[in-house]
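User: I am new to this structure and would like a short walk through it. Could we begin with the whole chain and then turn to some details?

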Amino acid sequence: MSPETPANRATPDSPGDVRTGLSAEFLTRALLDNLRFGQGKFPDTATRNDWYMALATTIRDRLLDHWIRTRQTIRRKGVRVVGYLSAEFLPGPQLANCLIHLGILGESRVAVARAGQDLETLLEHEAEPGLGNGGLGRLAACFLDSLASLEVPAIGYGIRYEFGIFSQQIVDGWQVETPDNWLRSGYPWEIPRPEITSPVGMGGHTETYTDESGRYRVRWMPGRIVVGMAHDTPVPGYRVSTTNFMRLWKAEASESFDFRAFNLGDYIGAVHAKVLSENITKVLYPNDSSLQGKQLRLEQQYFFVACSLKDMIRIHLSSGQKVESFQEKFTVQLNDTHPAIAVAELMRLLVDEHGLKWEQAWEITQGTFAYTNHTLLPEALETWPVPLLARLLPRHLEIIYEINRRFLEEVRLKFPEQEELTGRISLVEENGERRIRMANLAAAGSHSINGVAELHTQLLKQKVLPDFALLAPAKFHSITNGVSPRRFLLVSNPLLSDLLTARLGEDWSLRLEEELPRLESLTEDSLFRDDWRGVKASNKKRLAAFVLDRTGVTADPDSLWDVQVKRLHEYKRQHLNLLHIVSLYHRLKRGEGAEEPPRTFLFGGKAAPGYFLAKLIIRLIHGVAERVNLDPDLQDRLKVVFLPDFNVKVAQRIYPAADLSEQISTAGTEASGTGNMKFALNGALTMGTLDGANVEIRDAVGEENFFSFGLTVEEAAQLRQRGYRPREFYESDPRLREAVESIASGLFSRGDRDLFRPLVEALLNHDEFLLLADFGSYVECQSRAARAYRDPEQWTRMSIRNVARAGRFSSDRAVREYCEKIWKVRPAPALIGG
């Protein structure tokens, strides 16, 4: 293909060889070659994993060819690169995604069949790396997908956790955590880079000295050195040659084996340094309830930003540039507060290691970093005890103090009469235990601060960082999150994707805002509505079969599938959903719900291992399910299901099948949410509070196509100011009282009145997230949804409109806004002929 090929599209007809060719013939030959020479097997003895590994390696070869061309293009053009620092990445299973991005799904199916295998079986075999806890890591993966698809050079930097987010099992209704050994059978998508390593110091002390030019300098003398080794995973763009990459760091000891200790008989001591170092990247989010856990978490954060910044500087210098122009080559996004220590680390590198003056280094640092805040909950805004930082990162604490001193001088000059302002905006918390406020460090050290939904950005400026908004209002931007339409439509929902392609053409997934609105004209086309319902029905049957296989629960595919899948947390209010289910159960038992359509309530999500109430909510879901699902009086009109071990792979089955999407967090608590967008783009209607991006989804799809309920942010604040007394709501609403009392009575715990007592008492005595206040509105809204579902033609119209009007929630739109408003970067297409 010549460099002049329009849009630089890679196609299955491209010339190539057994390593790069995209035709079914080349793919078959490569598959058998990789089975023989990569796995050391011949077809008759190969296991399913052997075939999967051989196929994945075959596809990876094609990606590497594009990746090399991309890197050559970047080096030749000297373009600015996005460095995306994130403690989490949830890339999901890679095989189907890569086949679709390369445009060779059909060719691969033929090639695999020629080898005597079935592509769907191999796709189902694939495990996924659980390198994230939820929305934050999945957003990072969506952004990498969009960056590559928009041909913007980028590197995603993070941690190669040996064990990711735990695997969730359910035993007697309780969540049980087991290790997520995602590397057990090999991970063919990554390339280990033993030649790309970075020494990372920790502990020790600092020394002052005068250099040869008479300048006062500081030298850090670390107490120990950990080595970070790079592992690269290609990230392809959709049907373009651009392929970026994700670089994850694994911790290793600088000296992994002590021969002297071994020869003296100290066999454990001989590998002590290796074990201590490798612990840093052993597990995602270690329990930080202990001092040791806090230190390990800080070590993780510093380790990966130190490796990443050194790597970016290395890349910059290797192209013949000077460190003084670093911010012209790289723009670095801090994905939430976890990487905030990067501000101090870049200052250390520039001042201590590269000899720049403070003022110049600070200008480069602020010109490099941009900070995305993802939370409104105070406990999620990390702070670190000063003694811990002094012990682990003594030089960085000195740098933070100096940043703070200079920063507060600027504040006093601008607001000389407001000394209390300096205390609030300081990087150091002085009340009680002295702590470093990492969000303030990120805000001070970045040229941009952004929220992830319009409401979130308003609250960020009003409640979380109000003093920074007063000091530097121009720093603040609002960029609503988005999701990848390739992952959550093309990969997850091929039936709907085929229907859209038939009506909109091939390129709709890259042009959601422009193309999806064309569906509006089809809402009155009865044949199209039939096709739409047929897609949803097929997806529901597929999910029902999966539910039966995983849980043993038989659910009616024709019922209303009411779905809430997300991390378990009190503010996400899975227990509000349960209160409605219990209330509905009692109504049906009394024969009052003749108008109610059959419903399947589906839950999924993980609770943090140390979060007792969240785990108790999971137990309550199972208690309610046990009672409801076996009750003969209901005649299968109501089913409750908890799908264990929710991850990207499971999500790909759920989003296409859902009828109703539960987005019911307390107004003012959810920054954005992205599950709400995934459901909407797959045709589910939203049951939601006016929280996070729900507000924008409602505005986009139309209030008449959105089931809105609950207190607004302002109303919730007023209720709390008046003095919220949850028992008043409990006592005044007989439906609510009946639901709570039945939980307290032991009805859903086999007579055990104590099991759910902590949950009931938390609701009646505190109810921090206003469940009881919103219960009445929620129940009424659920009744509206039930009535709407009984009219399948109108429900289908509403579903089509949701998809037609949800195009702005593509991650492509979000990334374009980052490129224009914050990063100031342009596409740099990698030309196949280049």
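This is a predicted model: local features need pLDDT of at least 70, side-chain atom pairs count only at pLDDT 80 or more; totals for chains, interfaces and linings use all residues.

User: How many helices and strands are in the chain?

Analyst: The chain has 35 helices and 22 strands. Its radius of gyration is 27 Å, close to the 28 Å that the globule rule gives for 834 residues, so the chain is as compact as a globular protein of that length.

User: What box do the C-alpha atoms fill?

Analyst: Taken along the principal axes, the box is roughly 90 × 70 × 60 Å.

User: And what share of the residues is buried?

Analyst: Of the 834 residues, 62% are buried. The accessible surface comes to about 31700 Å², and carbon and sulfur atoms account for 51% of that surface.

User: What about contacts along the sequence?

Analyst: Among contacts between residues at least 6 apart in sequence, 76% join residues at least 24 apart.

User: Let us change topic to α4. Which of its residues are buried?

Analyst: Helix α4 spans residues 105–114, and Ser108, Ala111 and Val112 are buried there. These residues cover an arc of only 95° around the axis, which puts them on the same side of α4.

User: Why do residues three or four places apart point the same way?

Analyst: An α-helix has 3.6 residues a turn, so residues at that spacing point the same way.

User: What do the buried residues of α4 pack against?

Analyst: They pack against α1 (24–37), α2 (48–77), α3 (95–102) and α5 (119–125). Just after α4 comes Gly116, with a positive phi of about 85°.

User: And α32, which residues are buried there?

Analyst: In α32 (residues 757–765), the buried residues are Leu759, Val760, Ala762, Leu763 and Leu764. Their packing partners are α24 (574–589), α25 (612–629), α30 (726–732), α31 (734–744) and α33 (771–789). Asp767 follows α32 and has a positive phi, near 50°.

User: One last item: is Arg813 buried or exposed?

Analyst: Arg813, which lies in helix α35 (residues 811–823), is buried, because its relative accessible area is 4% and the cut-off for buried is under 20%.

User: What does Arg813 touch?

Analyst: Leaving aside residues up to four places away in sequence, Arg813 touches Ile479, Thr480, Asn481, Gly482, Glu513 and Arg808. The C-alpha atoms of Arg813 and Ser484 are separated by 9.9 Å, although the two residues are 329 residues apart along the chain.

How values were computed: Residues are numbered from 1 along each chain as its sequence is written. Side-chain values use heavy atoms; hydrogens and water are left out. Buried means under 20% relative accessible area, exposed over 50%, partly exposed in between (1.4 Å probe, protein chains only). Helices (H or I, at least four residues) and strands (E, at least two) are DSSP runs, numbered from the N terminus. The arc is that of the directions from the helix axis to the C-beta atoms. Contact means heavy atoms within 4.5 Å. The radius of gyration is taken over C-alpha atoms; the globule rule is 2.2 Å times the number of residues to the power 0.38. Accessible areas come from the Shrake-Rupley method with a 1.4 Å probe; for residues, only the protein chains shown count as cover.
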